[in-house]
Amino acid sequence: MAIKTCPTCGGANHENAPVCMHCKATFSGVPTSGIPGAPPTPPRPMFPQTQQMVAPPQTNGMATAALVLGIASLLFSCLTGIVGIILGIIAAVQING
């Protein structure tokens with residue numbers, strides 16, 4: 001690992017540093033102690049290019065209706081519960097299929 005010396009403050013820096021980490025002076029045209037005149041390596045990307053966006057999970061409207069009807073069956077009658085069970089089964093088939 002080659003060390004670059006800052007011409008302004010004399011601080012030691014990494015060979016590929018674009019600015020001095022001590023005084024923030026730029027290193028335009030200052031050769032490193034390694035290979036003179038070698039172009040600096042580009043910085044690594046902040047985020048990898050292979051990162052994929054994950055879509056948020058979608059809700060099934062029939063499953064939501066089955067939940068609402070199941071809760072409503074506690075207050076009203078078991079007729080809403082039967083419809084809720086049927087909608088729940090259909091929604092489960094849609095989600096798994």
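This is a predicted model: local features need pLDDT of at least 70, side-chain atom pairs count only at pLDDT 80 or more; totals for chains, interfaces and linings use all residues.
**Entry 1: N60**

I started with N60 and asked which residues lie in contact with N60 once neighbours within four places in sequence are left aside. I found A91, Q94 and I95. I placed N60 in the loop between β2 and α1. Is N60 buried or exposed? I noted a relative accessibility of 19%, so N60 counts as buried, given that buried means under 20%.

**Entry 2: the model as a whole**

Among the elements, helix α1 (residues 61-75) has the highest mean pLDDT, at 91, and strand β1 (residues 3-5) has the lowest, at 81. I marked residues 30-34 for caution, as the pLDDT there is below 50. That stretch still has 7 contacts in the model beyond near neighbours in sequence.

**Entry 3: layout**

How many helices and strands does the chain have? I counted 2 helices and 2 strands, and along the sequence they follow the pattern β-β-α-α. I then checked burial: 15% of the 97 residues count as buried. The accessible surface comes to about 7,900 Å², and 68% of that surface belongs to carbon and sulfur atoms. For contacts with a separation of 6 or more, I noted that 20% join residues 24 or more positions apart.

**Entry 4: the core around C6**

Which residues make up the largest nonpolar core? I listed 5 residues: C6, A17, C20, A25 and F27.

**Entry 5: K24**

I stopped at K24 for its backbone. Phi of K24 is near 65°, a positive value in a residue other than glycine. I wrote a reminder beside that value: most residues other than glycine have a negative phi. K24 sits in the loop between β2 (12-14) and α1. With 58% relative accessibility, K24 counts as exposed, because the cut-off for exposed is over 50%.

**Entry 6: distances between the helices**

How far apart in space are I86 and A66? I read 7.8 Å from C-alpha to C-alpha, for a pair 20 residues apart in sequence. I86 is found in helix α2 (residues 78-96), and its relative accessibility of 46% makes I86 partly exposed.

My other pair was G61 and L87, 26 residues apart along the chain. Their C-alpha atoms are separated by 9.8 Å. G61 is part of helix α1, and I have G61 down as exposed, with a relative accessible area of 52%.

Methods:
Residues are numbered from 1 along each chain as its sequence is written. Side-chain values use heavy atoms; hydrogens and water are left out. A nonpolar core is a set of buried Ala, Val, Leu, Ile, Met, Phe, Trp, Tyr and Cys residues joined through side-chain atoms within 4.5 Å. Buried means under 20% relative accessible area, exposed over 50%, partly exposed in between (1.4 Å probe, protein chains only). pLDDT is the predictor's confidence in each residue, from 0 to 100. Helices (H or I, at least four residues) and strands (E, at least two) are DSSP runs, numbered from the N terminus. Contact means heavy atoms within 4.5 Å. Accessible areas come from the Shrake-Rupley method with a 1.4 Å probe; for residues, only the protein chains shown count as cover.
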